[in-house]
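Subject: Structure handover

Hello,

Here is the structure for your work. My notes on it are below.

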Amino acid sequence: MPRYSKTERVGVNAVEKIVLDEFGWIFREQPIADVGIDAHIELVEDGNPTGKLVAVQIKTGASHFKDRRDAIVYYGSISHLEYWTGHSLPVILVAHLPDSNQTLWVLIHESTVVNTQSRWKIEIPKTNIFGGPSKNEISKIFEGPPSLQKLRKLAIDEPLMRHIKKGGKVSVELEHWYNKSLGRTPVMVFIHDEDGNEILSQEWFQYYKRLGIKELAETLFPWSSAKVDEEFYEMNADGDDDWSNSLERAIDEDNGYFWEEDEDSVYPYTDSSGEVEYYRLELILNDLGKSFLEIADYLSEDS
């Protein structure tokens, strides 16, 4: 057996180059006591290290994988899986394939692995290129596992929930471009004071797919149930179209448009040139929102 193989070194060097040149982040190899983690990557924002880390396991060469049409499949031992899923950092598996000069990646998580009779496997889609185009998606992993990200999002929206619980009103403005294959909308969140004045609280641009407007609002704000902002519609609804009494619209699955003919249906208050529909929905606390506030109250109490 040869005492030295350059294969794994090639993979580590390739991944380090991508991290430095295409991401602009910090790569720290872990050469000592390797029990399943080859390196740490530290997120850098505007030239400043953030202290946010992701652990990386690098596998080099096609021999580590089974090739499928749309993915490569990695089979691992149970001990490695337990180590990775129990790690204090998010762990990504990076596959470097020198023969095709491809570098692919996937997040190691209980939701992405499949148990086999004696081992486990994970598919790495061939579209998961480890490089510049995936920078935004990979940067989200630094925020922690999906459960932690959901909790953080609830914490960010806590002031909105508090406002509603105190009897205030929160509404969101959304658009539906029904001739576009990919949904897109500005998201504008308004809080309303005691005098009924609205204040823009949050604003961003959102792409989405295969979601109706009500479902989109409740996905963006999972602590809420969304309904038509009746007060706003009374003042701003287009008088030429009585949308509330005309809910007949063909279902367009390609554009993610679904119309429900029941009391929970939402409808636009106006449209523009047959291209864009405008919605204003009021957000109401659901059971998740009420429960989160109870937990937040408990956590803020003195011992």
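The notes cover strand pairing, salt bridges and a surface patch.

Please keep in mind that this is a predicted model.

Strand pairing. Strand 10 (residues 169-177) has eight of its nine residues buried. Strand 10 runs antiparallel to strand 11 (residues 183-192), with five bridges between them, and a hairpin of five residues connects the two. V170 has I191 as its bridge partner in strand 11. Strand 10 also pairs with strand 15 (residues 276-285), again antiparallel, over seven bridges; here E173 stands opposite R280.

Salt bridges. The count is 15. Among them is the one between E29 and R9, at 2.9 Å from N to O. E29 belongs to strand 1 (residues 26-29) and R9 to helix 1 (residues 7-23), so this pair ties together parts 20 residues apart in sequence. E143 and K52 form another, with their closest N and O atoms 2.9 Å apart. E143 sits in the loop between helix 3 (135-141) and helix 4 (146-156), and K52 in strand 3 (residues 48-60), so the parts tied together are 91 residues apart in sequence. R162 and E158 meet at 3.0 Å, N to O; they are four residues apart in helix 5 (residues 158-165), which means a separation of about one helical turn. Both belong to a salt-bridge network that also includes K165 and D297.

Surface patch. L182, F205 and Y207 make up a nonpolar patch on the surface, with about 300 Å² of accessible area together. Y207 is in strand 12 (residues 198-208) and is partly exposed, at 49% relative accessible area.

Regards

Note on methods. Residues numbered from 1 in each chain as written. Predicted model: local features only at pLDDT ≥ 70, side-chain atom pairs only at ≥ 80, totals over all residues. Heavy atoms only, no water. Patch = residues over 30% accessible without salt bridge, like charges linked within 9 Å, V, L, I, M, F, W, Y side chains within 5 Å. Areas by Shrake-Rupley, 256 points an atom, 1.4 Å probe, with all protein chains shown as cover. Salt bridge = Lys/Arg side-chain N within 4 Å of Asp/Glu carboxyl O. Buried < 20%, exposed > 50% of the residue type's maximum accessible area, 1.4 Å probe, protein only. Pairing = 2+ DSSP bridges.
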